Amino acid sequence: MSNLKHIVGIYKTKIEYKIHSFSIDRYGILYSSLPAFRIELDTSEDIIIDSIKQVLESSCINIVKNGDNVCGKELLHFFGEKSWNALYRKSSYCELCVNTDYISLDFHEYSSNEKSLIYNDERTKKYDSKKLLEAIKEMLKLL
C-alpha cells in the first residue's frame, strides 16, 4: 500500500452509481468516507468521469485517528442504504486505485457465505499511470 496515492470505490446498482472516497489512518487502514456522489446510470459519461475524478482527488488525503470510522453511517444514509450488506447484495463494485507506478481496477463480488464483498483477483486490470481516462472508461463498461 506504500505506493498507493488515491482510491475510489464505485458501486453500480440497477439505477445508479454510488461513488465514494477513502480516508486512511496512521496504520494504513482504509475507511470509506466522503466526498461521495450518487449518479443515475443514464447520466452522460463525461459527468460520471468528472465525478469520479473529483472524488479521486479527495481520496486518501484525510488522515484519520485510529478507530475513527470517518462517516460510515453518514455514507450509508447518503447512499439511501440500510446497511453495507444490503448495498453489497444489490450492486457490483470496483475500486479504482491510483498507485505511483500504475492504475488498477480491483473488482469485488458479493459472497453469500461471507456476507461481504470478496476481492476477485482474476478480474483485476492494470494500466499505465498516465492512462486514467482509459481505466475509468473500461471500469464503467465492466461494472
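**View 1. Charged side chains over aromatic rings.** The charged end of K126 sits over the ring of Y102, 4.5 Å from the ring centre. R123 places its charged end over the ring of F107, 4.1 Å from the centre. A charge counts as over a ring if NZ of Lys or CZ of Arg is within 6 Å of the ring centre and within 35 degrees of the ring normal. The model is predicted: local features need pLDDT of at least 70, side-chain atom pairs count only at pLDDT 80 or more, and totals for chains, interfaces and linings use all residues. Residues are numbered from 1 along each chain as its sequence is written, and side-chain values use heavy atoms, with hydrogens and water left out.

**View 2. The aromatic pair Y11 and Y93.** Five aromatic pairs are counted. Rings of Phe, Tyr and Trp (its six-membered ring) pair if their centres lie within 6.5 Å; planes under 30 degrees apart are stacked, over 60 edge-to-face, the rest tilted. Y11 and Y93 make a tilted pair, 4.3 Å centre to centre with 35° between the planes. Y11 belongs to strand β1 (residues 4-12) and Y93 to strand β5 (residues 92-99), so the pair ties together parts 82 residues apart in sequence. Both Y11 and Y93 are buried (under 20% relative accessible area, 1.4 Å probe, protein chains only). One aromatic cluster is formed by Y11, F78, F79, W84, Y88 and Y93.

**View 3. Strand β5 and its partners.** Strands here are DSSP runs of E, at least two residues, and helices are runs of H or I, at least four, numbered from the N terminus. Strands pair if DSSP finds at least two bridges between them. β1 and β5 are antiparallel, with eight bridges. Y11 stands opposite Y93 in β5. β5 also runs antiparallel to strand β6 (residues 102-111), joined by six bridges. There, H108 is the bridge partner of Y93. Two residues separate β5 and β6 in a hairpin. Seven of the eight residues of β5 are buried, so this strand is largely enclosed by the rest of the structure.

**View 4. The largest pocket.** The largest pocket holds about 180 Å³ of space. A pocket is an open set of points on a 1 Å grid over the protein atoms alone, where a 1.4 Å probe fits, with protein on both sides within 12 Å along at least five of seven lines; lining residues have an atom within 4 Å of a point. Volume is the space filled by probe spheres set on the points, which are joined across faces, edges and corners. Of its 12 lining residues, Y11, F22, S32, Y88 and Y93 are closest to the centre. β2 (16-25), α3 (84-89) and β5 each give two or more residues to the lining.

Definitions and conventions:
Buried means under 20% relative accessible area, exposed over 50%, partly exposed in between (1.4 Å probe, protein chains only).
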